[in-house]
Number of protein chains: 2
Amino acid sequence: VNGLDRTETEIHPAQKLSARVEGVFAALGENFVTQQVEALELTFEGIVGDIHAGHTRRSGGREPWYPRGTEMANERQLSIVSDEELARIAGLMEVPLVRPEWIGANLLISGVPALSMVPPRSQFFFENGVTIRIDGQNAPCRVAGRSLARHAAPADPSAAELRFPAVAKRLRGLVAWVEKPGRILPGERVSIRVPEQWIYRPGS
Amino acid sequence: VNGLDRTETEIHPAQKLSARVEGVFAALGENFVTQQVEALELTFEGIVGDIHAGHTRRSGGREPWYPRGTEMANERQLSIVSDEELARIAGLMEVPLVRPEWIGANLLISGVPALSMVPPRSQFFFENGVTIRIDGQNAPCRVAGRSLARHAAPADPSAAELRFPAVAKRLRGLVAWVEKPGRILPGERVSIRVPEQWIYRPGS
């Protein structure tokens, strides 16, 4: 007997996935574009030296419920993308390739089907001891589209910039924050724990 | 065209719920039992003066993947329970009532069906300006069961302590962290945003 009986909600059990770190990147300059680095040094505030590090951040267009610039907790310390999804975005955008740096990713991984669909509260346990916790899907924006259009040289850059947010939806990876600090190196194995899931249905 | 086509995953749209704050409580002593307070003062570290406040915490039995006492990010700053679920736990435990204080809750709310099923990444926007973000379900433990058994005087306290974790599963509310600080007062209205949901199916 427990709460499950009441809601008649189907509970999908926790899942385990595995992945590999293909590259690590940091935004060491003044904008969100990243560059490849040898390692990611993580504290509880995020990536040392990265513009997104901090216990807090300022709100923007993703948080229409706040005045722009409101100080809020920083659940977006890291951006994670996958080889497989970047290849798919490239195909849909009709460009030869999409580099993680162009859209500000910090971590490129391989081996996880549909990375962007890995749900909130999932944990990524890295071989060398780091844990990051997934906040959720990273919604693609015009700023990333503009950077992609500038770097990838599509036939029509203006159209590409505009199309990116729709094309990359549910393919643009995840944002996460540091649960357990340390160092992430390319080539590390990652064990992923996807928690129990269900669909919230207030009426049931 | 977007990632959704690939996975053939059913996406359930975001939902809005509303609730009311029925009481606020803090653990001002040396253990997790809370006492009613006039207001909750929140910073980015949690409730001022509460033993669970902090950017980090020490791991315990809920994190079998870490040695006990490992420093980790504190996603458990607040414990939230509902009138409706506490009444149901009381019924199942065969005691007259279950007070939020006995199981260490910080926030008692009413009006949300199946509070414990509100999923990770949901946001609670309080009338006076605070936002908290849901990490997820709070798993009931023996420690809370012991406290309940001591306070509620069931017919067989030892049996009650043992039964609590199973009985209160999916009824014990949520844990959350502060996204936007401020003050929470009894009687405030709460607007809840449940994000898009889906079930992760790697094979699809």
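A polar contact here is a pair of N or O atoms within 3.5 Å, where one must be able to donate a hydrogen and the other to accept it. With that in hand, here are the close-ups; keep in mind that this is a predicted model.

**View 1. Polar contacts between chain A and chain B.** Counting pairs with both residues at pLDDT 80 or more, 27 residue pairs are in polar contact between chain A and chain B. On the chain A side that touches chain B, the residues sort into 29 nonpolar, 15 polar and 16 charged.

**View 2. A salt bridge that joins Arg133(A) to Glu75(B).** The side chains of these two residues, Arg133(A) and Glu75(B), meet with 3.3 Å from N to O. Across the interface of chain A and chain B, the rule picks out eight salt bridges.

**View 3. The interface of chain A and chain B as a whole.** Here 60 residues of chain A are in contact with 60 residues of chain B. Together the two chains bury about 5300 Å², and 60% of that sits on carbon and sulfur atoms.

**View 4. The largest pocket, at about 1300 Å³.** Its lining takes in 48 residues, and the closest to the pocket centre are Arg62(B), Glu63(B), Arg76(B), Asn138(B) and Ala139(B).

**View 5. Chain B elements around the largest pocket.** Strands S5 (56–58), S7 (78–82) and S10 (131–137), plus helix H3 (142–152), all of chain B, each give two or more residues to the lining. S5(B) supplies the largest share, three residues.

Technical notes
Residues are numbered from 1 along each chain as its sequence is written. Chains are lettered from A and ligands numbered from 1 in the order in which they are written. This is a predicted model: local features need pLDDT of at least 70, side-chain atom pairs count only at pLDDT 80 or more; totals for chains, interfaces and linings use all residues. Side-chain values use heavy atoms; hydrogens and water are left out. On a 1 Å grid over the protein atoms alone, a cavity is a set of points where a 1.4 Å probe fits but cannot get out, and a pocket is an open set with protein on both sides within 12 Å along at least five of seven lines; lining residues have an atom within 4 Å of a point. Grid points are joined across faces, edges and corners, and a volume is the space filled by probe spheres set on the points. Helices (H or I, at least four residues) and strands (E, at least two) are DSSP runs, numbered from the N terminus. Contact means heavy atoms within 4.5 Å. Buried area is the accessible area (1.4 Å probe) that two parts lose on being put together, summed over both. A salt bridge is a side-chain nitrogen of Lys or Arg within 4 Å of a carboxyl oxygen of Asp or Glu. A polar contact is a pair of N or O atoms within 3.5 Å; within protein, one must be able to donate a hydrogen and the other to accept it, and residues adjacent in sequence count only if both atoms are side-chain atoms. Ala, Val, Leu, Ile, Met, Phe, Trp, Tyr, Cys and Pro count as nonpolar, Asp, Glu, Lys and Arg as charged, and the others, Gly among them, as polar.
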